[in-house]
Amino acid sequence: MSTNIHLAIAPIAWTNDDLPELGGENTFEQCISEMALAGFTGTEVGNKYPKDPDILHKYLSIRGLKVASAWFSMFLTTKSYDETEAAFIHHRDFLHAMGANVIVVSEQGHSIQGEQSTPVLTQKPIFTDDEWDKLAYGLEKLGDLAHARGMEIVYHHHMGTGVQTAEEIDRLMEMTDPNKVKLLFDTGHLVFSGEDPIAVFKKHKDRIRHIHFKDIRLNVYKEVRDQQQSFLTGVRNGVFTVPGDGMTDFYPIWQEIKQSDYEGWIVVEAEQDPAKANPFEYAVMAYKYIQEMMHAPHIKVKERIS
């Protein structure tokens with residue numbers, strides 16, 4: 001593995017911020033201790049994490065963990081830019097104090113990802129031309145604010161939002177300055193949306209500054225599709241899992257990443273019900289799978305969504 005690529009894991013497998021009843025019993029200290037024990041050196045930030053950088057740093061440093069990034073919800077299409085900017089600056093300064101280099105941002109205007117009953121595969125929002133303009137304008141301004149702290153924003157394409165598909169990712173990249181707006185590459189959301197992750201990576205590799213590795217359980221995906229389920233219902237039922245446990249063949253994806261000279265974090269992010277999928281066991285599973293793939297890769301044929 002490249003010495004410039006580091007492995008992190010998100011706390012969402014231990015406690016789900018969108019569905020707080022999932023893993024509500026799991027403590028912050030249990031979460032970060034099990035991350036470190038599994039072998040990871042980085043973490044993204046969840047709602048149970050201390051918000052004081054000095055306190056959080058103490059908890060993480062003795063476990064050999066660093067902050068890779070943290071999610072920031074934008075509402076550039078539905079609220080004034082000034083509202084988003086004020087919240088962003090606070091978020092940016094927290095991450096900067098924690099030593100992070102990138103800020104994960106996602107537009108939540110009109111998003112259905114948090115709705116319990118809206119079918120995620122058929123009722124995603126579609127931005128108007130005016131909303132696209134607001135999004136691109138606001139992102140570039142946030143990119144400038146990130147640069148003021150020597151950081152980059154990375155846009156998280158996401159199920160149930162206005163930037164989900166490969167076409168929408170293309171449009172956002174075309175409308176924004178590549179020096180100001182970078183991209184987060186998420187395998188799970190691309191496969192869930194029916195896209196080809198390798199094609200997206202190849203097209204936008206020069207913009208990618210952060211990576212999420214997650215897999216999809218094909219049988220649960222088919223339930224989401226056939227029963228017109230919401231994103232949160234899919235999550236609750238286990239549509240996401242860790243690399244190596246689902247339908248995605250990560251070997252060719254890893255080859256593209258390696259050949260691109262990518263530098264930064266690869267974050268395992270697989271939101272599941274911890275009562276059904278023990279977070280520590282799945283963290284160990286993911287870490288071993290990624291290490292084996294990176295050092296002794298083998299092709300494992302997976303069934304594609306159809």
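**Close-up A. G138 has its place in helix α4.** The model shown here is predicted, so that local features need a pLDDT of at least 70 and side-chain atom pairs count only at pLDDT 80 or more, while totals for chains, interfaces and linings use all residues. Residues are numbered from 1 along each chain as its sequence is written, and side-chain values use heavy atoms, with hydrogens and water left out. Helices (H or I, at least four residues) and strands (E, at least two) are DSSP runs, numbered from the N terminus. G138 counts as buried because its relative accessibility is 0%; the term buried means under 20% relative accessible area, exposed means over 50%, and partly exposed lies in between, with a 1.4 Å probe and protein chains only. Leaving aside residues up to four places away in sequence, G138 touches L76 and Y81, where contact means heavy atoms within 4.5 Å. From C-alpha to C-alpha, G138 and T176 are 9.8 Å apart in space, although 38 residues separate them in sequence.

**Close-up B. R92 lies in helix α3.** With a relative accessibility of 5%, R92 counts as buried. Its side chain makes a polar contact of 2.8 Å with the side chain of D93; a polar contact is a pair of N or O atoms within 3.5 Å, and within protein one must be able to donate a hydrogen and the other to accept it, with residues adjacent in sequence counting only if both atoms are side-chain atoms. When residues up to four places away in sequence are not counted, R92 touches I103, L145, A146, A148, R149 and M151.

**Close-up C. Nine strands form an open sheet with parallel pairing.** The order of the strands is β3-β2-β1-β11-β8-β7-β6-β5-β4, and two strands pair if DSSP finds at least two bridges between them. At the edges stand β3 (66-69) and β4 (71-74), each with a single partner strand, so one side of each is left without a neighbour in the sheet. Neighbouring strands are turned by 35 degrees against each other on average, direction ignored. Helix α11 (residues 279-295) packs on the sheet and touches β1 (5-9), β8 (208-213) and β11 (264-268), its direction making about 160 degrees with that of β1; for such angles, axes are lines fitted to C-alpha atoms, for helices over the stretch in contact, and the angles run from 0 to 180 degrees between N-to-C directions.

**Close-up D. Strand β8 is mostly covered.** Five of the six residues of β8 are buried. Strand β7 (residues 181-186) pairs with β8 in the parallel sense over four bridges, and here L184 stands opposite H210 in β8. Three bridges, again in the parallel sense, link β8 and β11, with V267 in β11 as the bridge partner of H212.

**Close-up E. The largest pocket holds about 770 Å³ of space.** Among the 27 residues that line this pocket, the closest to its centre are D17, V45, N47, A70 and W71, and β4 and α3 (81-97) each supply at least two residues of the lining. The structure also holds three cavities of 30 Å³ or more, and in the largest cavity lies about 80 Å³ of space. The lining of the largest cavity is made of P11, W14, T15, D17, T27, F28, C31, G46, N47, K48 and Y49. On a 1 Å grid over the protein atoms alone, a cavity is a set of points where a 1.4 Å probe fits but cannot get out, whereas a pocket is an open set with protein on both sides within 12 Å along at least five of seven lines, and lining residues have an atom within 4 Å of a point. Grid points are joined across faces, edges and corners, and a volume is the space filled by probe spheres set on the points.

**Close-up F. H110 has a positive phi, near 70 degrees, in a residue other than glycine.** H110 is found in the loop between β5 and α4 (129-147), and at 40% relative accessibility it counts as partly exposed. Q228, which is not a glycine, likewise has a positive phi, of about 55 degrees. Q228 is placed in the loop between α8 (218-226) and α9 (231-237), and its relative accessibility of 37% makes it count as partly exposed.
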